[in-house]
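Please find below a colleague's note on the model under review.

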Amino acid sequence: MLAFVTRRLAQSLLVMLLVAFIAFVLFNFIGDPISNMLSSDASPAEREQIRQALGLNDAFYVQFYRFVGNVLRGDLGISYRLGHPVSQLLVERLPATLELVFCAGVLALAVGLPLGVYTGLHRTSWVSQLFLTGSLVGVSLPTFLIGIILILIFSVTLGWLPAFGRGDTVSYAWWSSGFVTASGLKALILPSITLTFWQLAVILRLVRAEMLEVLRTDYIKFARARGLSRRAINFGHALKNTLVPVITITGVQLGSLIAFAIITETVFQWPGMGLLFIEAVRFADVPVLAAYLVLISLFFVVINLIVDLLYFVVDPRLRANRGAVA
Amino acid sequence: MTEPREALLDIRNLRVEFPTRRGTLCAIDDVSLTIGEGEILGVVGESGAGKSLTGSAVIGLLPEPGRIVQGEIHLSGRRIDGLSDEEMRRIRGKEIGAIFQDPLTSLNPLYSIAYQLVETIRTHLDLTAKQARKRALDLLQEVGIPAAEERMDGYPHEFSGGMRQRVVIALALAAHPRLIIADEPTTALDVSIQAQIIAVLKRLCREHHASVMLITHDMGVIAEAADRVAVMYAGRIAETGPVEEVIRRARHPYTYGLMGSIPQLKTPAERLSQIDGAMPRLTEMPDGCAFHPRCPRAVDRCRAQRPPIEVVAAGHDVACWLFESAPKPGARI
Amino acid sequence: MTGAGGVSARRRTLRNMGRRLFDSDLWYSFRASPVAVSAAIVAVLILAAVACAPWLTQDPFDLTTVDIMDASKPPAWAEGGSWQYPLGSDDQGRSVLSTILYGTRISMMVGVLSVLFAMVLGVTLGLIAGFAGGGLEILIMRLADIQLSFPAILVALLIDGIARIVLPHDLHEALTLYVLIFAIGISSWVHYARTVRALTLVERNKEYVQAAWLVGTPPTSILVRHILPNVLGPVLVLATLGLATAIISEATLSFLGVGLPPTQPSLGTLIRIGNEFLFSGQWWMTIFPGAALILVALSVNLLGDWLRDALNPKLR
């Protein structure tokens with residue numbers, strides 16, 4: 001077990017270094033940082049001066065080392081577009097994204113899991129067919145389109161819910177929360193539904209497919225042959241065996257909510273990290289891009305690590321390292 | 001029909017069909033069997049002969065979209081083939097137990113052996129958790145799991161194939177059913193383990209006074225374990241009778257062919273005899289006797305008319321037009 | 001009947017092939033599924049409409065055919081609309097119907113080409129990984145694992161973003177199409193590679209492959225002639241489902257403003273432009289392209305779903 005953990009940690013570290021490297025290359029070599037800071041009629045001498053001052057003439061690995069050091073200290077450079085330190089921008093925007101992702105994640109699990117189980121157990125009922133068709137539509141609908149349709153119905157036509165922004169937020173230290181105000185909660189509704197839609201459909205289909213697969217196994221057949229109650233079979237055996245692989249995949253899926261938040265934030269002009277990232281791409285704001293890359297990679301690497309460990313904890317077959325005893 | 005003692009299980013004229021898009025397939029065609037109390041009936045035949053399906057039909061677990069369209073199944077005089085799912089569930093485990101082929105996939109990998117045993121015991125018997133656990137331990141010791149007490153909280157993958165099958169037998173017998181359907185219980189095991197498992201099965205069924213429907217394609221297992229044997233071919237019964245008699249003087253050409261394929265130490269032979277050809281597919285059943293295309297003794301009547309079940313001797317039936325002229329033991333066809 | 005001349009033999013072979021196709025389980029299950037049939041009909045109609053676009057309408061992006069006086073007209077059945085612009089017109093006076101036809105064409109083109117790219121890349125790497133084994137396999141699979149820990153859309157976004165930064169501005173405009181195809185292709189090769197590798201591993205151990213190997217058949221020949229045909233079924237399913245994903249990915253990137261520009265718009269771009277007019281009540285500019293996108297994605301998804309079930313031996 002320990003060997004497994006150390007191996008995974010080492011792998012994660014490797015990935016992070018790789019990502020840092022890509023970010024570094026982006027940062028320093030692509031999109032000349034100098035020309036973004038000086039006006040275009042600066043003399044070559046001035047350019048050279050700045051280059052020297054910023055240490056851009058040092059050896060490659062020295063620069064990389066410095067870069068990693070900076071990142072670890074939280075210094076992610078200054079945004080080309082907005083002029084503020086990137087780390088400050090990220091901290092400002094983080095709560096918005098996290099709250100949105102949290103709501104969407106909870107919704108996806110709370111609705112997707114039970115529905116998936118239901119459609120798996122009652123494969124042929126018309127209710128199941130309805131949900132299944134709905135989930136197929138959900139998987140085919142791009143997130144941004146769902147957002148637009150929701151806006152059209154609930155904002156433009158009915159005027160019930162806001163289409164832009166977070167509403168009023170309350171600040172606790174560096175965190176600004178929209179959970180505690182009425183307008184904040186209202187503003188959360190449409191974006192959360194938009195963000196969760198695709199994830200919900202995917203989770204539903206995943207759970208259902210796994211459930212159907214499990215119900216076909218020999219051990220379920222044997223359980224029925226032993227006269228176990230329907231409840232024991234469906235929930236004690238089938239459900240548990242379904243959730244074990246599913247819960248781990250779901251972990252990764254939910255992680256991707258952060259990525260999909262980019263789209264949702266764009267549609268609703270939600271002031272989160274995703275919107276920041278898109279604007280950075282559009283305006284070639286390399287420091288922000290690089291920082292976002294590093295942050296997101298860290299996030300995913302951590303999620304994958306947790307999920308892998310979870311698998312280990314939950315499936316007894318992976319824990320055994322002794323051979324079978326005859 | 002022959003009934004040696006008060007029949008525990010009585011299958012009469014069973015017909016099972018599968019509606020498919022190519023038409024309706026008849027997988028079990030007018031099959032009748034009986035199993036007496038404490039008796040081990042072997043059901044033998046090639047893959048696809050319908051033996052497993054017969055077992056599944058009895059326990060009410062026919063795979064979709066199979067249906068019983070005709071016939072009756074009686075357990076201790078009570079008719080069980082038309083019961084509701086809930087009523088059938090109460091019978092399963094308590095009155096009829098089942099053992100399947102692959103012990104690794106028969107056990108839920110995520111639960112310990114003890115858990116699965118206790119769960120089964122408490123479903124059918126009103127015991128406390130502690131009592132059930134004691135009961136489980138007793139069962140495990142009965143089937144011969146060494147150091148049962150220490151290992152019962154282990155998981156299925158921690159046991160070898162033979163041990164797992166013993167656990168499966170313990171699970172099947174947990175609620176003391178009177179009939180066990182054993183569907184190819186040794187096929188997935190090493191040859192050296194097979195004999196052990198058969199011995200365990202025989203011993204436990206004798207001790208628990210349980211009858212067994214032993215389904216297998218291996219005549220050697222039948223010869224070793226069964227009291228009577230029913231030979232199935234293409235969904236139909238070819239021959240039924242006491243094991244020694246059927247082996248010694250098979251009345252059906254197919255059975256005769258099967259016996260010839262058992263290697264014998266005593267009789268020198270250069271080659272094992274085999275039956276040429278293959279069992280017909282359910283979609284291409286011939287008219288008349290299902291075996292006639294492969295039968296070395298087939299006559300016109302065999303090709304035209306399906307032979308009915310005829311009584312040869314007490315407890316010995318056969319479905320063949322030529323049973324009276326079946327060769328004496330030792331003769332070559 | 002013994003074979004006569006070459007012509008009749010060929011005709012017979014074709015007839016046999018046709019019979020085999022129509023007798024096959026695939027065709028049967030296709031006919032039996034009304035959903036699959038409808039999806040296929042819709043898909044074919046869309047393809048036909050898109051292919052015939054140059055003859056059906058004038059190119060809305062040819063500025064000479066557009067009359068700005070006709071801007072922002074609502075659809076034909078609403079007040080103020082006319083049948084000249086059945087689905088209304090946008091803010092530049094272009095018929096929304098024409099823009100949709102052209103936009104769909106571009107969306108599908110990007111979708112199909114990126115899937116082809118991903119397929120070729122993924123299948124090749126998968127075959128190599130499965131067949132060659134050893135360090136090469138480990139390298140390729142590790143790469144795949146690392147990429148899989150990130151959502152595909154993010155990968156596509158990053159590649160697109162980097163391309164934007166790297167390429168000089170004017171060149172970037174012209175190359176957007178190819179950049180998108182590349183980005184989306186790179187983001188999706190992994191699924192093909194993994195599936196193909198797993199299947200290759202299975203096939204590699206089979207006797208016919210070992211026999212060919214022993215006889216001295218060169219490995220590329222074994223891969224292409226023996227293993228590849230066996231691998232194509234699941235790959236086809238992945239490709240069909242992947243097509244829907246690719247189309248949606250491209251639409252998403254365009255909607256976010258980092259995909260196709262307004263001068264060469266895809267459905268995603270159209271939706272983005274139309275979105276700005278949503279609040280002023282001109283809903284048709286964004287809803288109709290949206291509906292077209294849904295229609296395309298849905299029919300492709302349904303076809304892919306049906307194909308997967310039809311090719312799944314366990315469900316037969």
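Predicted model: local features only at pLDDT ≥ 70, side-chain atom pairs only at ≥ 80, totals over all residues.

1. Overall form of chain B. The secondary structure of chain B consists of twelve helices and twelve strands. Its C-alpha atoms occupy a box of roughly 65 × 50 × 40 Å along the principal axes. A compact globule of 333 residues would have a radius of gyration near 20 Å, so the 21 Å of chain B agrees with that expectation. Of the 333 residues of chain B, 46% count as buried. Among the contacts in chain B with a separation of 6 or more, 65% are between residues 24 or more positions apart.

2. Domain division. Chain B is divided into domain 1, made up of 36–59 + 84–90 + 180–325, and domain 2, which covers 96–176. The C-alpha centres of these two domains of chain B are 30 Å apart. Across the boundary, 20 residues of domain 1 of chain B are in contact with 19 residues of domain 2 of chain B. On the domain 1 side, the elements that give two or more residues are helix 1 (51–59), strand 7 (179–183) and helix 8 (191–207) of chain B. Helix 8 of chain B gives the most to this side, with six residues. By class, the residues of the domain 1 side comprise 14 nonpolar, three polar and three charged.

3. Strands 6 and 7 of chain B. Strand 6 (residues 96–99) of chain B is covered on both faces: I96(B) and A98(B) are buried on one side, and G97(B) and I99(B) are buried on the other. In a regular strand, side chains alternate between the two faces of the sheet. Strand 6 of chain B runs parallel to strand 7 of chain B, and four bridges join them. The bridge partner of A98(B) in strand 7 of chain B is I181(B).

4. The open antiparallel sheet. In chain B, four strands in the order 2-1-4-5 form an open sheet with antiparallel pairing. Strand 2 (23–36) and strand 5 (78–79) of chain B stand at the edges with a single partner strand each, so one side of each has no neighbour in the sheet. Strand 1 (residues 7–20) of chain B is joined to strand 2 of chain B by eleven bridges, and the two run antiparallel. Within strand 2 of chain B, C26(B) stands opposite E17(B).

5. Backbone features to inspect. The peptide bond between E64(B) and P65(B) is cis, with omega about -5°. P65(B) is placed in the loop between helix 1 and strand 4 (67–75) of chain B. Two residues other than glycine have positive phi values: E184(B), near 50°, and H209(B), near 55°. E184(B) lies in the loop between strand 7 and helix 8 of chain B, whereas H209(B) is in the loop between helix 8 and strand 8 (211–216) of chain B. Are these residues buried or exposed? E184(B) is buried, because 21 other C-beta atoms lie within 10 Å. H209(B) counts as exposed, because it has 10 C-beta neighbours inside 10 Å.

6. The largest nonpolar core. This core has 262 residues, of which Y292(A), A170(B), M213(B) and L214(B) touch the most other members. Helix 10 (residues 219–255) of chain C supplies the largest share, 17 residues. The core also draws at least three residues from each of domain 1 and domain 2 of chain B. Beyond its neighbours within four places in sequence, A170(B) is in contact with L117(B), L139(B), L140(B) and V143(B).

7. Contact of chain A with chain C. Here 31 residues of chain A are in contact with 34 residues of chain C. The elements of chain A that give two or more residues include helix 1 (2–29), helix 6 (126–140) and helix 13 (286–314). Helix 13 of chain A contributes the largest share of the chain A side, seven residues. That side has 25 nonpolar, five polar and one charged residues.

8. Contact of chain A with chain B. This contact takes 22 residues from chain A and 26 residues from chain B. On the chain A side, helix 9 (218–225), helix 10 (230–255) and helix 14 (316–319) of chain A each give two or more residues. Helix 9 of chain A provides the largest share, six residues. The residues of the chain A side divide into eleven nonpolar, five polar and six charged.

Note on methods
Residues numbered from 1 in each chain as written. Chains lettered and ligands numbered in written order. Domains from an automatic or database assignment. Contact = placed C-beta atoms within 7 Å. Nonpolar A, V, L, I, M, F, W, Y, C, P; charged D, E, K, R; others polar. Buried ≥ 20, exposed ≤ 12 C-beta atoms within 10 Å, placed from the backbone. Pairing = 2+ DSSP bridges. Rg over C-alpha atoms; globule rule 2.2 N^0.38 Å. Core = buried A, V, L, I, M, F, W, Y, C linked by C-beta atoms within 7 Å.
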